[in-house]
Amino acid sequence: MLRFDLISIFPEYLAPLKLSLLGKAIEKGLISINIHDLRDQTKDVHHSVDDTPYGGGAGMVMSPAPWGDAIDQISSDSDQIDLIILTPAGKKFDQKMASYFAHRRQLLFACGRYEGIDARVGQYYAGKSNFKVHEISIGDYVLGGGEVAAMVIIEATARLLPGVLGNPESLKEESHSIIGSSEDLLVEYPNFTKPAVWRGLEVPEVLLSGNHGAIAKWRKEQAERRTDQLGKE
Ligand code: SAM
């Protein structure tokens, strides 16, 4: 069982995590998803979670205290916890990271807002022996908050767990898992289903041939061509 915890000031934003594939995985007891409201940790009447930046500049920064209190509460009896701080300044998320996370025990996502979270939060937990801290970005663009980024990482990670996908064979040949001739990772070949002719467009003949060797060869070539093409765009 992989446990996911998320801290956010917009817990309702994370409702889709309980739907579809992930909802079924929760029902089967393969994962648990626990959503925590950062504002529950505030002590003032306004439930404030941010303040002006030291050094000046635009926007507000999320204060370390409510984050520390929320993380301490969630991790009080955890002996192995990965703290994932979502930030556009982090390491770029990819399939390799998803499979690393799929082998961990508890993933705690800190979903920032405003100008982000006071940098000492990551620094503090990096110094704790039961924590591994990761600063992660889902791409080179800036979102309004970390919630969508956390959902991306959770979906990519959870589907790799045994029992989550209806057909585990699907994981074998998909984008970023297919190994090419030069050992690099490829994107998937194009897929087709019935009918064999749609709006005048025909399914490639080799796929109708029943010749498994020829099909595998064609798919590998297509995957290499598509991957190559991506590098040129
Ligand atoms: N001031 C920050 C910067 O320039 O790096 C951007 C803050 S952004 C408006 C607010 C929050 O959205 C961040 O703290 C982070 O949690 C989340 N976020 C924005 N873009 C992201 C991305 N590409 N990947 C992961 N999280 C992101």
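This is a predicted model: local features need pLDDT of at least 70, side-chain atom pairs count only at pLDDT 80 or more; totals for chains, interfaces and linings use all residues.
Local features need pLDDT of at least 70 and side-chain atom pairs count only at pLDDT 80 or more, while totals for chains, interfaces and linings use all residues. Residues are numbered from 1 along each chain as its sequence is written, and side-chain values use heavy atoms, with hydrogens and water left out.

**View 1. The whole protein.** The protein has six helices and eleven strands (DSSP runs, H or I of at least four residues for helices and E of at least two for strands, numbered from the N terminus). Its C-alpha trace spans about 70 × 40 × 35 Å along the principal axes.

**View 2. The shell around the ligand.** The shell holds 19 residues (a heavy atom within 4 Å of the ligand). Leu86, Glu115, Ile138, Tyr141 and Leu143 come nearest. Strand S5 (81–92) and strand S7 (131–137) each give two or more residues to this shell, and S5 gives the most, with three.

View 3. A polar backbone atom of isoleucine 138 is 3.0 Å from a nitrogen atom of the ligand. For tyrosine 141, a backbone N or O atom lies 2.9 Å from a ligand nitrogen. Leucine 143 likewise has a backbone N or O atom 2.9 Å from a nitrogen atom of the ligand.

**View 4. Cover of the ligand.** Taken alone, the ligand exposes 580 Å², and the protein buries 82% of that (Shrake-Rupley method, 1.4 Å probe).

How values were computed
A polar contact is a pair of N or O atoms within 3.5 Å; within protein, one must be able to donate a hydrogen and the other to accept it, and residues adjacent in sequence count only if both atoms are side-chain atoms.
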